[in-house]
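New notebook page. I want to get to know this structure bit by bit and jot down what I look up.

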Amino acid sequence: MQQPAFAYVRHGQTPFFRLPTRDVGVDAEAYRGIQAVLLGVPYDGGCTHHPGARFAPYHVRRVSATTQSFHPSHRIDVFQALRCVDGGNAALPPFAPAMAREILQQEIGAITSARARPFVVGGDHSITLPVLRALAEAHGPLAVLHIDAHLDTSTGELWGDAFHHGTPFRHAIEEGLLARDALVQVGIRAPWGTPEEDALVKGYGGRILSPFELQDPRTLARELRGHFGGRPLYVSIDVDGIDPSFAPGTGTPVPCGLTPREVTSLLRGLAGCRLVGMDVVEVCPALDHADLTSLLAAHLIFEGLALAALAGE
Ligand code: MN
Ligand code: MN
């Protein structure tokens with residue numbers, strides 16, 4: 001349950017959505033009985049361009065506080081239906097990326113072993129890989145809906161490091177974390193380095209949709225519901241998938257993006273899917289205007305929480 005607005009103002013602390021807090025790290029017992037854990041990941045050591053996403057969890061917490069609990073479209077009281085806490089932040093060393101990945105995988109593992117779902121607020125997109133590793137360990141190969149301007153299946157050639165925010169889905173495919181045919185990338189539009197950039201995903205049976213190809217998000221959601229079936233589904237939202245006019249606070253903006261309404265419709269249409277976790281990444285508050293991007297991130301996470309609330313256990 002949310003804290004009353006008065007209590008939130010009175011004590012001056014700003015947990016996600018005015019939720020109760022658990023600062024437990026890797027102690028799964030402390031999550032026992034909880035169904036959803038919001039976890040901040042203040043880490044942007046995987047940024048190739050403009051850093052700053054490490055500050056997103058603090059801003060998303062602040063702007064999420066005014067969100068009320070009743071979902072007007074699904075007609076469900078999200079925080080009454082779903083036992084949900086703010087698990088604090090994964091405290092990752094900013095200068096030791098391998099160690100950071102290891103710690104985050106353990107923290108997500110603690111959430112899944114308590115049979116709760118992680119809802120992760122990044123951080124740059126490199127943090128998705130350890131989350132996928134932990135979830136695939138718990139549930140087997142995952143179906144993934146990936147919203148992004150970029151494919152994120154790059155290699156380390158350019159930077160000399162195989163793990164940066166342009167690579168998580170290459171590793172996820174190569175490590176067998178994703179179910180074949182079940183990676184769907186929507187919003188993809190940034191120019192590529194080579195003509196073969198889409199070969200990995202297509203060779204794996206994945207689907208790539210640019211904003212120009214997306215006709216009706218509700219129709220797409222209906223197709224995806226059938227396609228994903230009962231497979232465990234992870235939703236990863238890079239806010240640069242959304243148009244920079246709506247989401248200016250991000251490190252690698254690309255014109256001609258999705259609208260917040262399209263992405264929200266798509267998420268709402270996934271009701272009935274077996275959502276096992278979600279992230280929203282690449283919010284860079286220093287580049288934001290009037291908290292537009294942080295607020296959008298909070299609302300997208302709320303849509304994911306609503307799906308979990310509808311699903312019950
Ligand atoms: Mn991107
Ligand atoms: Mn990305």
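**Ground rules.** I start with a term: a disulfide is a pair of cysteine sulfur atoms within 2.5 Å. The model is a predicted one, where local features need pLDDT of at least 70 and side-chain atom pairs count only at pLDDT 80 or more, while totals for chains, interfaces and linings use all residues. Residues are numbered from 1 along each chain as its sequence is written, chains are lettered from A and ligands numbered from 1 in the order in which they are written, and side-chain values use heavy atoms, with hydrogens and water left out.

**Cysteines.** How many disulfides are there? I get zero disulfides. Cysteine 284 is in no disulfide either, with the nearest cysteine sulfur, in cysteine 47, 7.4 Å away. I also looked up burial (buried means under 20% relative accessible area, exposed over 50%, partly exposed in between, with a 1.4 Å probe and protein chains only). Cysteine 84 has 3% relative accessibility, so I note it as buried. Cysteine 284 has 1%, so it goes down as buried too.

Next I checked the metal donors (N, O and S atoms within 2.8 Å of the metal, or 3.2 Å for Na, K and Ca; water is not among the atoms, so sites may look incomplete). For the elements, I use DSSP runs numbered from the N terminus: helices are H or I with at least four residues, strands E with at least two. Aspartate 148 sits in the loop between β6 (142–147) and α6 (168–174), and aspartate 240 in the loop between β9 (232–238) and α9 (260–268), so this pair ties together parts that are 92 residues apart in sequence. Both aspartate 148 and aspartate 240 are buried.

**Manganese, ligand 2.** For the manganese ion (ligand 2), I list His125 (ND1), Asp148 (OD), Asp152 (OD) and Asp238 (OD) as protein donors, 2.1 to 2.2 Å from the ion. The spacing here is H-x22-D-x3-D-x85-D. Aspartate 152, in the loop between β6 and α6, and aspartate 238, in strand β9, are 86 residues apart and link distant parts of the chain. I have aspartate 152 as buried at 7% relative accessible area, and aspartate 238 as buried at 2%. How far apart are the two manganese ions? They are 3.3 Å apart, and aspartate 148 coordinates both.

**Empty space.** Rolling a probe the size of a water molecule over the atoms shows where empty space is left. My rule uses a 1 Å grid over the protein atoms alone: in a cavity a 1.4 Å probe fits but cannot get out, a pocket is an open set with protein on both sides within 12 Å along at least five of seven lines, and lining residues have an atom within 4 Å of a point. I count one cavity of 30 Å³ or more, and the largest cavity holds about 100 Å³. Its lining includes Tyr43, Leu92, Arg101 and Phe163. Helix α4 (residues 97–113) gives the most to that lining, with four residues.

The largest pocket has a volume of about 720 Å³. Of its 27 lining residues, Ser154, His164, Gly166, Gly193 and Glu197 lie nearest the centre.

**Two more residues.** Where is aspartate 198? I find it in the loop between β7 (178–186) and α7 (199–203). Aspartate 198 is buried at 15% relative accessibility. Leaving aside neighbours within four places in sequence, its contacts (heavy atoms within 4.5 Å) are Leu151, Trp192 and Ile208.

Leucine 310 lies in helix α10 and is partly exposed at 37% relative accessible area. Leucine 310 and alanine 81 are 229 residues apart in sequence, yet 7.8 Å apart in space, C-alpha to C-alpha.

Terms used
Points joined across faces, edges and corners; volume = space filled by probe spheres on them.
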